[in-house]
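Please look over the model below with these notes beside it.

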Amino acid sequence: MEQMSLFDDRTMHMSAPLASRLRPESFADFVGQEHLLGEGKMLRQLIERDQISSMIFWGPPGVGKTTLAGIIAGQTKANFINFSAVTSGIKEIKEVMQQAENSRKMGIRTVLFVDEIHRFNKAQQDAFLPFVEKGSILLIGATTENPSFEVNAALLSRCKVFVLKALEEKDLVRLLDNAISNPKGFGNQSIHITKQQIEAVARVADGDARMALNTLEMVVLNGDIGSDSSITVTDEGMEQCINRKSLLYDKNGEEHYNLISALHKSMRNSDPDAAVYWMQRMLEGGENPLYIARRLIRFASEDVGMADSNALQVAVAAYQACHFNGMPECDVNLTHAVVYLSMAPKSNALYEACEETKKDIRTGRAEPVPLQIRNAPTKLMTELDYGKGYEYAHNYENKLTKMQCLPDALAERRYYRPTMQGEEAKVRKRLDEIRVWKSGDE
């Protein structure tokens with residue numbers, strides 16, 4: 001029975017996902033993150049000397065956050081507890097904290113690794129705080145989300161944040177080559193795969209080691225089996241397995257905001273090539289096209305404005321087209337709008353006018369409406385001089401009057417300052433003429 005148990009364990013290990021079988025257990029096998037783990041780098045020294053403090057590993061999926069925790073577990077003389085934010089709640093936290101407190105009283109440190117710490121709510125994160133403060137635990141959190149937004153400020157201030165980067169293609173190629181030759185991977189099999197095919201798998205993984213290994217496993221398992229039981233990876237099989245990149249994109253996470261920021265700033269910089277690229281990245285990642293269309297409508301007024309008022313019409317039309325067509329047909333409608341907005345003359349005068357008026361409203365007193373532009377629907381209001389002195393512009397030759405419409409305290413304020421860009425140059429000329437006429441310096 002014992003032999004059968006051992007055989008079962010080995011069989012279960014070899015049937016585990018490739019990424020799990022090849023998880024590094026030491027720095028010698030770890031790939032990437034040279035800025036943190038290269039010879040002489042701070043994080044590596046802290047781990048090797050077993051002098052770690054509370055820290056957070058922040059980076060995209062598949063870059064080694066959990067693997068680093070495993071290496072720490074193998075290096076530290078402290079109790080190491082692996083804790084998942086997905087399956088644990090306040091009750092489990094309190095139980096682990098009590099264990100850690102008991103160990104502390106006996107002079108034993110506890111290192112607590114919390115995977116996906118961003119999934120804990122504020123109350124759950126708060127439960128860690130007193131134990132971190134008095135040293136009952138050394139907390140190591142792993143997150144794909146920006147800890148500035150997802151980790152409580154009090155907890156974050158007690159942790160050193162280490163930023164892990166997406167792996168470079170050369171790192172992934174090294175990882176994949178090892179998977180082919182390592183007995184824990186495909187080393188005990190005869191696998192025929194070309195350098196170009198390895199590089200293609202690395203390229204499609206977008207810096208994610210787990211995705212690279214999962215893709216490799218898929219293409220190998222779908223390879224042609226020879227009479228000698230060897231496996232040959234074919235280009236046709238590769239195409240079926242990697243016909244569409246699974247791009248890193250979390251519609252609720254930081255990458256969502258990074259990409260929409262890239263789109264806005266590319267259009268603002270009149271770079272249609274970059275703008276279309278970032279827009280397509282969002283669509284390929286599964287973004288709702290109506291969200292992109294709404295952002296284009298905002299951009300049309302914020303960054304183009306009166307320099308080309310047709311921009312707003314184009315953006316609204318793109319939104320309607322997305323609503324009617326849906327994906328994938330509406331991608332060209334969005335491209336139309338993105339290129340138009342990129343190439344349109346730019347003016348942020350409307351945006352500046354909005355922001356300056358909001359600032360005055362929020363920081364100043366609530367100025368009363370001048371009597372001359374108040375409505376007087378009742379006799380009492382008329383007796384109180386509501387509407388007295390009102391000048392109906394259409395009754396005047398130039399459709400203009402010198403009546404003051406701003407409150408007295410703001411009478412000289414100028415919120416809208418048109419630029420000389422595109423059609424707004426005509427607006428500026430017209431407004432300058434109006435202001436000169438109203439000032440009486442005709």
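1. Negative patch. Asp224, Asp235, Glu236 and Glu239 gather in a patch of negative charge on the surface. A patch takes residues with over 30% relative accessible area and no salt bridge, joining like charges within 9 Å and nonpolar side chains (Val, Leu, Ile, Met, Phe, Trp, Tyr) within 5 Å. Asp and Glu count as negative, Lys and Arg as positive; His and the chain ends are not counted. Each charge is placed at NZ of Lys, CZ of Arg, CG of Asp or CD of Glu. Helix α13 (residues 235–241) supplies the largest share of this patch, three residues. Asp224 sits in strand β7 (residues 224–225). Helices (H or I, at least four residues) and strands (E, at least two) are DSSP runs, numbered from the N terminus. Asp224 is partly exposed at 46% relative accessibility. Buried means under 20% relative accessible area, exposed over 50%, and partly exposed in between (1.4 Å probe, protein chains only).

2. Basis. This is a predicted model: local features need pLDDT of at least 70, side-chain atom pairs count only at pLDDT 80 or more, and totals for chains, interfaces and linings use all residues. Residues are numbered from 1 along each chain as its sequence is written, and side-chain values use heavy atoms, with hydrogens and water left out.

3. Nonpolar patch. Val369, Ile373, Tyr390 and Tyr392 make a nonpolar surface patch of about 370 Å². Areas are Shrake-Rupley values with a 1.4 Å probe; for residues, only the protein chains shown count as cover. Tyr390 is in the loop between α20 (379–383) and α21 (424–439). Its relative accessible area is 47%, so Tyr390 is partly exposed.

4. Salt bridges. How many salt bridges does a search of the whole structure find? The search returns 21. The criterion is a side-chain nitrogen of Lys or Arg within 4 Å of a carboxyl oxygen of Asp or Glu. Side chains of opposite charge can pair when their charged atoms come close. Arg268, Arg298, Glu302 and Asp303 are linked in a network of such bridges.

5. A buried pair. Arg21 bridges to Glu217, with the closest N and O atoms 3.8 Å apart. Arg21 lies in helix α2 (residues 18–21) and Glu217 in helix α12 (residues 209–221), so this contact ties together parts that are 196 residues apart in sequence. Both Arg21 and Glu217 are buried. Helix α12 also holds Ala209. Ala209 is buried, with 13% relative accessible area.

6. Pairs at helix α7. Asp126 forms a salt bridge with Lys122; the closest N and O atoms are 3.0 Å apart. The two residues are four apart in helix α7 (residues 122–133), which means a separation of about one helical turn. Lys122 is exposed at 56%, while Asp126 is partly exposed at 30%. Arg158 and Glu133 also meet in a salt bridge (2.7 Å, N to O). Arg158 lies in the loop between α9 (153–156) and β5 (160–163) and Glu133 in helix α7, so the contact ties together parts 25 residues apart in sequence. Arg158 is partly exposed at 35%; Glu133 is partly exposed at 48%.

7. Cysteines. A search of the whole structure finds zero disulfides. The cut-off is a pair of cysteine sulfur atoms within 2.5 Å. Cys330 is buried, with 0% relative accessible area. Cys354 is in no disulfide either; the nearest cysteine sulfur, that of Cys405, is 19 Å away. Cys354 is partly exposed at 44% relative accessibility.

8. Backbone. The peptide bond from Met327 to Pro328 is cis, with omega near 5°. Pro328 is in the loop between α17 (310–325) and α18 (331–343). Gln33 has a positive phi, near 60°, in a residue other than glycine. Gln33 is in the loop between α2 and α3 (34–37) and is buried at 5%. Ser270, also a residue other than glycine, has a positive phi near 55°. Ser270 lies in the loop between α14 (254–268) and α15 (272–284). Its relative accessible area is 36%, so Ser270 is partly exposed.
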